[in-house]
There are 2 protein chains.
Amino acid sequence: MTTPASKPLDPSPRVLLGPGPSNVPPRVLSALGMPPVGHLDPEFVALMDEMQGMLRRVFRTENPMTLAVSGTGSAGMEAVVANLVEPGDRMLVCVNGVFGGRMVDVAGRCGAEVSRIDRPWGEVFDPSEVEAAIKAHRPKLVGIVHAETSTGALQPVDEIARIAHENGALLAIDAVTSLAGVPVEVDGWDVDAVYSGTQKCLSCPPGLAPVSFGPRAMEAIKARKTKVQSWYLDMTLIGRYWGSDRLYHHTAPINMNYALREALAIVLEEGLDARFARHLLNAQALAAGLKAMGIDYVPAEGHRLPQLNCVTIPEGVDDLAVRKRLLSEWNVEIGGGLGDLKGKAWRIGLMGYGSRRESVTLVLSALETCLRDAGAPVEPGAALASSAEVYAGSPAASTA
Amino acid sequence: MTTPASKPLDPSPRVLLGPGPSNVPPRVLSALGMPPVGHLDPEFVALMDEMQGMLRRVFRTENPMTLAVSGTGSAGMEAVVANLVEPGDRMLVCVNGVFGGRMVDVAGRCGAEVSRIDRPWGEVFDPSEVEAAIKAHRPKLVGIVHAETSTGALQPVDEIARIAHENGALLAIDAVTSLAGVPVEVDGWDVDAVYSGTQKCLSCPPGLAPVSFGPRAMEAIKARKTKVQSWYLDMTLIGRYWGSDRLYHHTAPINMNYALREALAIVLEEGLDARFARHLLNAQALAAGLKAMGIDYVPAEGHRLPQLNCVTIPEGVDDLAVRKRLLSEWNVEIGGGLGDLKGKAWRIGLMGYGSRRESVTLVLSALETCLRDAGAPVEPGAALASSAEVYAGSPAASTA
């Protein structure tokens with residue numbers, strides 16, 4: 001017996017060059033589709049140990065409490081905030097895009113007394129202004145977005161970590177879009193808590209949130225007077241399952257963990273530094289091509305994420321029409337702007353597995369056609385030639 | 001370059017006959033491993049619509065707010081409780097196993113004034129005692145576990161729903177283990193909120209939590225004076241993404257939704273009633289075999305879940321030794337007891353795809369060997385013969 005529901009699933013072969021999810025390597029998809037074992041099976045328990053080791057290498061940390069929370073990146077944000085603040089605790093959030101704004105919302109729901117400082121979208125914070133706010137508000141926790149997915153801005157955080165600690169505060173960072181695309185030095189920068197997602201530069205499907213908590217953060221959790229308001233995201237309970245107790249908490253998403261394990265293995269086989277260099281090279285090639293078409297970036301030079309290129313839509317070009325056309329004619333997905341940047345910006349992701357020369361060539365070429373058809377003054381072939389020059393000039397071009 | 005991390009993932013071919021996860025059909029694994037599209041891709045949006053329709057059929061409801069929360073069954077529990085209670089609201093929880101106890105914990109963390117009534121593990125509640133507690137405590141919300149995964153007990157809830165409504169309370173049920181294995185009549189029983197998991201009788205890997213909220217529950221959510229404490233699980237925000245607004249909330253776990261879509265299609269192709277009959281038949285065959293080996297059930301007859309058979313470990317038999325042997329020699333996983341039943345009970349799951357004659361035959365035969373080797377007075381072949389009699393006497397045997 002068949003019903004309309006039984007039509008086979010047959011997703012189009014999208015080239016995912018938006019803000020995530022990114023394309024997933026066949027090895028990861030293959031791992032994802034392997035038959036599950038139980039969540040307390042010795043084989044799964046061994047896989048958890050292996051994953052913790054791999055996550056520590058990717059986060060560049062030795063934090064014991066490093067694992068994958070069973071939800072997407074936003075669950076990671078909530079896990080970090082809900083475990084580190086108790087009702088009445090003060091939290092300072094630095095907001096320069098959607099995800100800083102989300103952190104304010106999450107912190108308020110956790111009962112924190114939230115103060116915020118703001119920067120226009122696309123800009124980053126100067127350590128001195130964060131310092132002033134910390135001194136004024138005396139927060140227990142400072143939250144800042146390392147890689148703002150809504151603006152493509154890269155926020156340096158090492159100096160801010162130092163300032164937070166000098167003033168008795170903890171620092172939590174959002175590394176959803178940065179992890180495995182640009183350096184995230186959890187121990188090197190002395191970050192107290194960090195969360196990420198799987199569907200960006202790790203090139204694993206969305207569904208898990210790698211997190212890491214440092215010694216100060218663990219002290220703060222131990223010193224809590226109240227239970228963490230989320231049972232599902234209570235790191236102490238989760239840690240007893242991932243740790244040597246193996247105490248059942250919830251049924252782990254077995255297959256998503258298979259996939260993340262494989263994605264982490266691929267990252268470590270390539271090597272983090274080689275991976276960062278690859279992201280940078282392809283972003284430079286993309287930038288050269290976009291420049292040749294007269295397209296500017298939203299963030300200032302020096303604060304741009306190579307994996308997420310947030311650019312201004314040229315005057316007179318219809319955002320939605322171009323994005324629909326890219327999707328329907330080339331199977332290419334790029335992202336639109338969010339919030340303040342809605343209708344004004346595109347977000348072109350070159351993340352993880354998607355950070356390849358063929359992605360750059362395809363998106364530049366398709367965009368050129370769309371822009372020329374929209375009447376923009378774009379010289380034929382200029383984008384492609386400019387990006388080719390970058391590859392030609394790079395010693396890493398052949399491995400990119 | 002390779003590292004130890006690159007050893008290929010190669011999970012053993014487990015026969016998952018525990019309390020979940022259950023084995024997953026190849027069609028579902030294949031869907032899971034398909035390349036992702038974006039979370040706002042028209043194809044994914046259409047898939048969400050299709051899934052909502054399928055989930056309504058499986059829950060037997062017309063509730064618009066019926067969807068899959070991006071976390072495991074426990075996230076579903078938290079979503080239901082956190083959206084329906086505000087700090088200071090009264091909630092009554094009926095506890096006769098681990099998951100009722102978990103609901104008390106979750107409710108307390110949500111700021112509810114929680115009262116509880118208890119029954120020994122393996123027993124079920126009589127509507128009259130729930131009524132007395134409702135009249136005494138006047139809760140806004142009553143929570144009860146329909147299928148208690150820790151004891152294998154099936155709790156009738158239709159009468160309790162009527163009583164709750166007569167007394168101005170909402171009823172939320174835990175259908176993690178029941179959905180698609182025994183009837184869950186959300187509209188027929190007039191249940192206000194329900195949550196489930198994917199890894200039991202839906203035979204999809206763990207990672208999503210199907211939920212449904214009825215009209216009274218939606219009214220209660222609209223009438224809230226405070227924000228839902230969890231941003232990630234705020235049903236109003238999630239509903240705007242699943243609903244016609246398509247407002248971005250979090251990046252949906254694309255591939256897990258592919259898998260659930262396929263799992264739901266399989267359920268609907270078989271037909272719910274046929275699926276329930278299949279679960280019942282295989283459970284009867286298992287029960288006959290277990291009885292022939294002198295093994296008793298924890299719950300009383302009439303309150304046993306066909307998909308999760310919670311049985312007493314025979315005197316003198318070492319729980320862990322048998323379970324380790326089943327796993328290492330036959331690749332068979334069964335569950336041990338939790339909490340009050342630790343070391344005293346086994347939980348044998350025949351869930352979804354795993355509810356098949358070959359599962360029954362394998363687990364009975366392997367158990368017979370283990371019990372005989374442990375010195376239990378088990379007659380060779382008796383279990384197999386007794387189970388075969390059940391299949392021979394069943395008109396449905398050939399399709400089971």
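**View 1. R60(A) sits in the loop between α2 and β2 (65-69) of chain A.** Helices (H or I, at least four residues) and strands (E, at least two) are DSSP runs, numbered from the N terminus. This is a predicted model, in which local features need pLDDT of at least 70, side-chain atom pairs count only at pLDDT 80 or more, and totals for chains, interfaces and linings use all residues. Residues are numbered from 1 along each chain as its sequence is written, chains are lettered from A and ligands numbered from 1 in the order in which they are written, and side-chain values use heavy atoms, with hydrogens and water left out. Phi of R60(A) is near 50 degrees, a positive value in a residue other than glycine. R60(A) is partly exposed, at a relative accessible area of 25%. Buried means under 20% relative accessible area, exposed over 50%, and partly exposed in between (1.4 Å probe, protein chains only). The side chain of R60(A) meets that of D273(A) in a salt bridge, 3.1 Å from N to O. A salt bridge is a side-chain nitrogen of Lys or Arg within 4 Å of a carboxyl oxygen of Asp or Glu.

**View 2. Domain 1 of chain A meets domain 2 of chain A.** The domain assignment of chain A gives domain 1 (26-268) and domain 2 (272-399); such bounds come from an automatic or database domain assignment. Their C-alpha centres lie 29 Å apart. The contact takes 28 residues from domain 1 of chain A and 24 residues from domain 2 of chain A. Contact means heavy atoms within 4.5 Å. About 2,100 Å² is buried between the two domains, and carbon and sulfur atoms give 64% of it. Buried area is the accessible area (1.4 Å probe) that two parts lose on being put together, summed over both. R60(A), W121(A) and G152(A) supply 23% of the area that domain 1 of chain A buries against domain 2 of chain A, more than any other three residues. The rule finds 1 salt bridge across this interface. Polar contacts here number 9 residue pairs (both at pLDDT 80 or more). A polar contact is a pair of N or O atoms within 3.5 Å; within protein, one must be able to donate a hydrogen and the other to accept it, and residues adjacent in sequence count only if both atoms are side-chain atoms. On the domain 1 side, α2 (42-59), β6 (147-148) and β7 (153-154) of chain A each supply at least two residues that touch domain 2 of chain A.

**View 3. Chain B packs against chain A.** In this interface, 78 residues of chain B are in contact with 77 residues of chain A. The two chains bury about 6,000 Å² between them, 59% of it on carbon and sulfur atoms. L9(B), R109(B) and W231(B) supply 14% of the area that chain B buries against chain A, more than any other three residues. Between the chains there are 8 salt bridges and 23 residue pairs in polar contact (both at pLDDT 80 or more). D105(B) forms a salt bridge with K227(A), the closest N and O atoms being 2.8 Å apart. Elements that give two or more residues to the side of chain B that touches chain A include α1 (26-32), α3 (73-84) and α4 (98-109) of chain B. α9(B) gives the most, with 10 residues.

**View 4. Q229(B) reaches across to chain A.** Q229(B) lies in the loop between α7 (215-222) and α8 (235-242) of chain B. Q229(B) is buried, with a relative accessible area of 13%. Its side chain reaches the backbone oxygen of Q229(A) at 3.0 Å. Leaving aside neighbours within four places in sequence, Q229(B) is in contact with R109(A), Q229(A), R109(B) and C110(B).

View 5. The structure holds 0 disulfides over all chains. A disulfide is a pair of cysteine sulfur atoms within 2.5 Å. C110(A) is buried, at 3% relative accessible area.

**View 6. A cis peptide bond joins G20(A) and P21(A).** Omega is about 0 degrees. P21(A) is found in the loop between β1 (15-16) and α1 (26-32) of chain A. In chain B, a cis peptide bond joins G20(B) and P21(B), with omega about 5 degrees.
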